[in-house]
Amino acid sequence: MGFIESVVNKQHPMCLLCHKTLSNEAMKPSRLREHLSTKHPNDKDKPIEYFQEIYKKFQNRSTIIASFKKQHAANEDGLITTYRISQLIAKSGKSYNIGETVIIPSIKEFISTVMHQDIPEILKTLPLSDSTVKRQIEEMAVNVEKKLISILQNFSFSMQLDESTIADNNALLMAYVRYFDENNTLREEMLFAINLITDTRGLSIFNTVKSYFTKNNTNNILIILLHALLMEHHQW
C-alpha cells in the first residue's frame, strides 16, 4: 500500500508519495512501513482508498507525459519530412513556394479524398513556406559541403574546373572532384560553384581555388592540376 513498481526498474519499489525508487531490500513489508513512517508520517495511516486515488493521478500524469512524448516525436517526424520535401524541391529546380502552394494542398487532398481521413494536426502546421524551404536547402547544402571537405582532407583527389557565364555576364567557376572512398569506390562530386569576382584569367582562377582550399583547411590539392590549368589559359 503506497508503493508500485518503479518506472525506472520494475524490480524495485517506488513510493507513490515522493516517487523515490527504493532498493530491492526495501521490498520487505517492514522496510516499506519504515519508509512511510519516517518520510510520510502524516500519510502512513491513510486508508487504501487514499493511495488508490494517488495512484490514479499518477497514471493520468504518466498518460499526459506519454502524450507529450508522442507529440514531440510527431513534430520531429514532421520536421524530417519538411527537409526531405525541401530536398526534392531543390532537385526539381522548382520555385521554393511550391511546397506551400502545391505540395501541402496535394497531400491534404489525397488524405481526405483517397484515404477518407481527417487532416492530421501535424500536417496543418507543416512548415513549408518559401523562406523555410530556402533555409532548409541552404542548411543541407552547407552540411553536404562540410562532409565532402572532411573526406577530401583525408583522401587524395583530382579536380576538374569549368567556367560558365551566367546572367549579366557574370563568370561562374565550378569545381568537380574525383576520389576513391574507403571502399575503393570511385566517387565524383560537385565541390563548389563560385562567382569569379575579377576575371577568368588563369591567375584569378588559381587564387580563387587556392583561397577556397585554404579557408577549408584542405591543402592536399594536386598542384600539378592547377599548374596545368594556368598553362592552359596562358593569361596572366
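This is a predicted model: local features need pLDDT of at least 70, side-chain atom pairs count only at pLDDT 80 or more; totals for chains, interfaces and linings use all residues.
Two strands count as paired when DSSP finds at least two bridges between them. Strand β4 covers residues 171–180, strand β5 covers residues 186–195, and the two pair in the antiparallel sense over 9 bridges.

β4 and β5 form a hairpin, with 5 residues between them. In that loop sits Asn184, whose phi is near 60°, a positive value in a residue other than glycine. Most residues other than glycine have a negative phi. Is Asn184 buried or exposed? Asn184 is exposed, with a relative accessible area of 59%, and exposed here means over 50%.

Next, step back to see the whole sheet. Its 3 strands form an open sheet in the order β3-β4-β5, with antiparallel pairing. β3 (157–165) and β5 stand at the edges with a single partner strand each, so one side of each is left without a neighbour in the sheet. From one strand to the next, the twist averages 20°. Helix α5, residues 130–152, packs on this sheet and touches β3, β4 and β5; the direction of α5 makes about 120° with that of β5.

Finally, follow the chain to helix α6, which spans residues 202–215. Its 14 residues reach 20 Å from the first C-alpha to the last, close to the 20 Å expected. Several residues in α6 are buried, among them Ile205, Val209 and Phe213. Just after α6, Asn217 takes a positive phi of about 55°.

Key
Residues are numbered from 1 along each chain as its sequence is written. Side-chain values use heavy atoms; hydrogens and water are left out. Helices (H or I, at least four residues) and strands (E, at least two) are DSSP runs, numbered from the N terminus. The expected span of a helix is 1.5 Å times one less than its number of residues. Buried means under 20% relative accessible area, exposed over 50%, partly exposed in between (1.4 Å probe, protein chains only). Axes are lines fitted to C-alpha atoms, for helices over the stretch in contact, and angles run from 0 to 180 degrees between N-to-C directions. Contact means heavy atoms within 4.5 Å.
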